[in-house]
Amino acid sequence: MQVDYKQLKQFVSSVFESIGCPEQDADLAAHVLVSADARGIDSHGVARLAGYVRLYDNGRLNPKPQIQILHESPSTALVDGDRGLGLVVAPKAMEIATEKAAIAGTGWVAVQNSNHFGIAGYHAMKAVEKDMIGWAMTHAAPLVTPTFSREKLLGTNPIAVGIPANEEPAFLADFASTAVAYGKLEILQRKGLDTPSGWVQDKDGNPCNDAFAIKNGGALLPLGGDREHGSHKGYALGAIVDILSGVLSGANFGPWVPPFATAGFMQAGETVGNGTGHFLGAMRIDAFRPAEAFKDDMDKWIKRFRAADAVEGQKVIIPGDPERELEKIRLHEGIPLLDPVVADLKGLASRFSLDFNIA
């Protein structure tokens with residue numbers, strides 16, 4: 001099913017309003033969520049909408065949070081998200097980071113007591129819009145084993161870094177610290193397909209290709225897949241994200257991070273902190289050197305890498321290119337939705353007495 005971007009965004013906003021979100025927050029949350037679909041990151045788009053509603057149903061989501069700064073310095077802050085939508089909390093935290101960077105040169109914000117914040121790249125790019133380098137990361141529920149472990153202790157724990165250029169589009173690296181995000185498994189589950197090798201292991205720690213491995217007691221693997229292919233590096237990246245997002249912020253961390261409404265898990269168990277955490281940063285370029293000179297050099301960097309001598313039939317891409325190209329297409333032609341996602345959206349439309357005429 002192909003759906004119009006604007007109509008889909010309006011529908012998503014209406015769902016968020018139906019669970020009690022103020023109109024402005026609902027519009028912001030919908031924008032963050034549907035932006036993922038527009039950029040081709042379907043695993044973090046409207047396929048997750050029903051999950052946010054389940055968080056609300058289970059009392060884990062506050063639709064009207066009082067987001068506040070608990071502690072701050074000229075260049076840092078600790079923010080309490082008051083169990084709000086991470087889709088709303090994270091943008092407001094990044095706004096604080098950019099405001100501090102405008103004064104101090106850099107701004108860094110740790111967030112506790114939040115929920116899933118969508119695609120990390122969206123938040124990093126909010127700093128890029130202000131001629132700053134943006135950082136965004138978050139931890140997630142423990143679905144990932146450290147190298148050599150059979151026990152799940154980390155989340156997919158993504159990192160995004162956005163860097164502005166001048167004539168060229170911004171550099172945007174946005175990636176999980178695992179071989180793949182869990183949402184990609186959900187897509188394979190809906191399609192009835194196996195996973196490529198190196199994505200998951202079974203409950204005994206053996207490599208497998210079962211898209212339902214996690215539901216059957218298995219786990220996601222760190223970036224690299226196994227030790228011989230560098231999984232210890234993916235494990236280290238995930239650990240760094242967890243420490244900055246959880247230990248530093250006072251949120252839960254490691255195996256205590258509460259689950260999102262996926263993978264068959266719902267209720268949060270034992271806690272060592274306060275909700276889910278994020279870590280966001282903004283670096284004002286002209287705190288280091290003139291911004292225009294830097295962006296001119298970024299243009300040169302990007303153009304040189306684009307011109308790299310590539311293997312036959314391939315080309316060297318700049319991080320962010322595939323998503324930008326797909327966004328142009330989907331904003332014009334519509335956003336494709338799998339049948340199970342359409343069914344979920346229709347179920348929400350029925351529950352909240354909303355029209356689902358968005359084809």
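Helices (H or I, at least four residues) and strands (E, at least two) are DSSP runs, numbered from the N terminus. This report describes a predicted model, in which local features need pLDDT of at least 70, side-chain atom pairs count only at pLDDT 80 or more, and totals for chains, interfaces and linings use all residues. Residues are numbered from 1 along each chain as its sequence is written, and side-chain values use heavy atoms, with hydrogens and water left out.

**Aromatic rings**

A pair of aromatic rings is described by the distance of the centres and the angle of the planes. Rings of Phe, Tyr and Trp (its six-membered ring) pair if their centres lie within 6.5 Å; planes under 30 degrees apart count as stacked, over 60 as edge-to-face and the rest as tilted. Searching the whole structure gives 8 aromatic pairs. One of them is F171 with W301: the ring centres are 5.9 Å apart and the planes stand at 80 degrees, so this pair is edge-to-face. It links distant parts of the chain, since F171 is in strand β7 (residues 171-175) and W301 is in helix α8 (residues 291-306), 130 residues apart.

W301 also pairs with F305; here the centres are 3.9 Å apart and the planes are at 20 degrees, so the rings are stacked. Both W301 and F305 belong to helix α8, where they are 4 residues apart, about one turn of the helix. Elsewhere, ring pairs join F16, Y52 and F260 into a cluster.

The table gives the accessibility of three of these residues. Buried means under 20% relative accessible area, exposed over 50%, and partly exposed in between (1.4 Å probe, protein chains only).

| Residue | Relative accessible area | Class |
|---|---|---|
| F171 | 14% | buried |
| W301 | 33% | partly exposed |
| F305 | 39% | partly exposed |

**Strands around β3**

Strand β3 (residues 76-80) is mostly covered, with 4 of its 5 residues buried. Two strands pair if DSSP finds at least two bridges between them. Strand β2 (residues 68-72) pairs with β3 in the antiparallel sense over 4 bridges, and a hairpin of 3 residues joins β2 to β3. In this pairing, E72 stands opposite A77 in β3.

β3 and strand β4 (residues 106-114) run parallel and are joined by 5 bridges. V79 has V111 in β4 as its bridge partner. From β3 the chain crosses through helix α4 (residues 86-104) to β4, a β-α-β crossover that is right-handed. The term right-handed applies if, with the strands pointing away from the viewer, the path from the first strand over the helix to the second runs clockwise.

**A sheet of 3 strands**

An open sheet has 3 strands in the order β9-β8-β10, and the pairing is antiparallel. β9 (207-208) and β10 (219-220) are at the edges, each with a single partner strand, so one side of each has no neighbour in the sheet. Strand β8 (residues 200-201) and β9 run antiparallel and are joined by 2 bridges. V200 stands opposite C208 in β9.

**The cavity**

A cavity is a set of points, on a 1 Å grid over the protein atoms alone, where a 1.4 Å probe fits but cannot get out; lining residues have an atom within 4 Å of a point. Grid points are joined across faces, edges and corners, and a volume is the space filled by probe spheres set on the points. The structure has 1 cavity of 30 Å³ or more. The largest cavity holds about 40 Å³ of space. Its lining consists of C21, D25, N62, P63, P65, G84, L85 and V88.

Technical notes:
On a 1 Å grid over the protein atoms alone, a cavity is a set of points where a 1.4 Å probe fits but cannot get out, and a pocket is an open set with protein on both sides within 12 Å along at least five of seven lines; lining residues have an atom within 4 Å of a point.
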